[in-house]
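Please open the structure in your viewer and keep the selection tool at hand. Each stop on this tour says what to select and then what is found there.

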Amino acid sequence: MSLTPIGEPRHKITVATLREKKLRHEPITCLTAYDYSSARLVDEAAIDVVLVGDSLAQTMLGYENTLSVTIEEMLHHTRAVRRGVKNALLVADMPYGSYQLDRTEAIRNATRFVKEAGAEVVKIEGGEKRADLIRRILDAEIPVAGHIGLTPQSVNVMGGYKVQGKSLTTIEQLMKDAVALERAGVACIYLEGMPREVAAMITAEIETPTIGIGAGPDCDGQVLVFHDILNLTFGPPAKFVRHFGDAAAEITHAVQAFRADVLSRQYPSDAESYHLPKETKAALDTVLERKHAMRR
């Protein structure tokens, strides 16, 4: 398996690329991004898929869960991410309430993500029950990503953020969900919060690429939240979260250093200040001297 060095020219990642990667057994990389700067950094680091996740409800907006974020907020952030992404495949979450109630409205909302925000794929939570809707969205020429297992928009039905697929009955349902989504034509399926063994079975059973989050290493790809890998969240991390850096410590140190230098008048220095041209300064000094002399 060859890796594209960071900084080297890259080919545009498409829906077809994900399937090709699965066939070649090449891992798919995916990270969330919610604004221009994070999107640009993620894209330039050669990540395959950038997901504008509805997790921005908590990471960017401070909501308790994903249920409160609106379609307008999701569109706003997707537009910002679009400006920072050049090569990665851009996937956007359709938020709670934007596709559950009315199929015509769901298609209209999906179209907005593509037309107004530049998304290339929209992501919808749910298995068998979403299959018909997914076909209709695909009929509108919009690729769809599926999402099964622990689906955060169903947190109230599930009774919390609990690992799914622990019994034979629920494993069977997850398998049915995955097959139904594949038959509907999804571009990929996100597998969240399920035992490794179940995710491995699903990944082996279907030809559609799987991207795991809290689903073990046997998926075709992995996704994590941008803020989680950088320790920018304020609560205890989930079991599957790994900190690959400590931006929280770096930011705190920088902010404290700034405050200290301002309080001690060490910032800004003379070198960090703008100055008048010599001629203007000389003329100004003359004017000030005259004013001072007049006061005496």
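Begin by selecting helix α9, residues 196-205, whose buried residues pack against α1 (15-23), β5 (144-149), α8 (168-184), β6 (188-192) and β7 (210-213). Helices (H or I, at least four residues) and strands (E, at least two) are DSSP runs, numbered from the N terminus, and packing here rests on contact, meaning heavy atoms within 4.5 Å. This is a predicted model, in which local features need pLDDT of at least 70 and side-chain atom pairs count only at pLDDT 80 or more, while totals for chains, interfaces and linings use all residues. Residues are numbered from 1 along each chain as its sequence is written, and side-chain values use heavy atoms, with hydrogens and water left out.

Within α9, colour Val198, Ala199, Ile202 and Thr203, which are buried (under 20% relative accessible area, with exposed over 50% and partly exposed in between, for a 1.4 Å probe and protein chains only). Looking down the axis of α9, you will find that its buried residues fall within an arc of 135°, so they line one face of the helix; the arc is that of the directions from the helix axis to the C-beta atoms. On the other side of α9, Glu197, Ala204 and Glu205 are exposed.

Next, select helix α5 (residues 103-115) together with helix α6 (residues 131-139), which pack at an angle of about 50° with their axes 10 Å apart. Axes are lines fitted to C-alpha atoms, for helices over the stretch in contact, and angles run from 0 to 180 degrees between N-to-C directions. This angle makes α5 oblique to α6, given that angles under 35 degrees count as roughly parallel, over 145 as roughly antiparallel, 65 to 115 as roughly perpendicular and the rest as oblique. To see the contact, show Arg103, Ala106, Ile107 and Ala110 of α5 with Asp132, Leu133, Arg136 and Ile137 of α6.

Now move to helix α2 (residues 36-44) and helix α4 (residues 71-84), whose axes come within 7 Å and cross at roughly 40°; α2 and α4 are therefore oblique to each other. Their contact is made by Tyr36, Ala39, Arg40 and Asp43 of α2 and by Ala80, Val81, Arg83 and Gly84 of α4.

Finally, select Gln58, which is found in helix α3 (residues 56-59). Is Gln58 buried or partly exposed? Gln58 is partly exposed, with a relative accessible area of 32%. Leaving aside its neighbours within four places in sequence, Gln58 is in contact with Tyr63, Glu64, Asn65, Thr66 and Tyr161.
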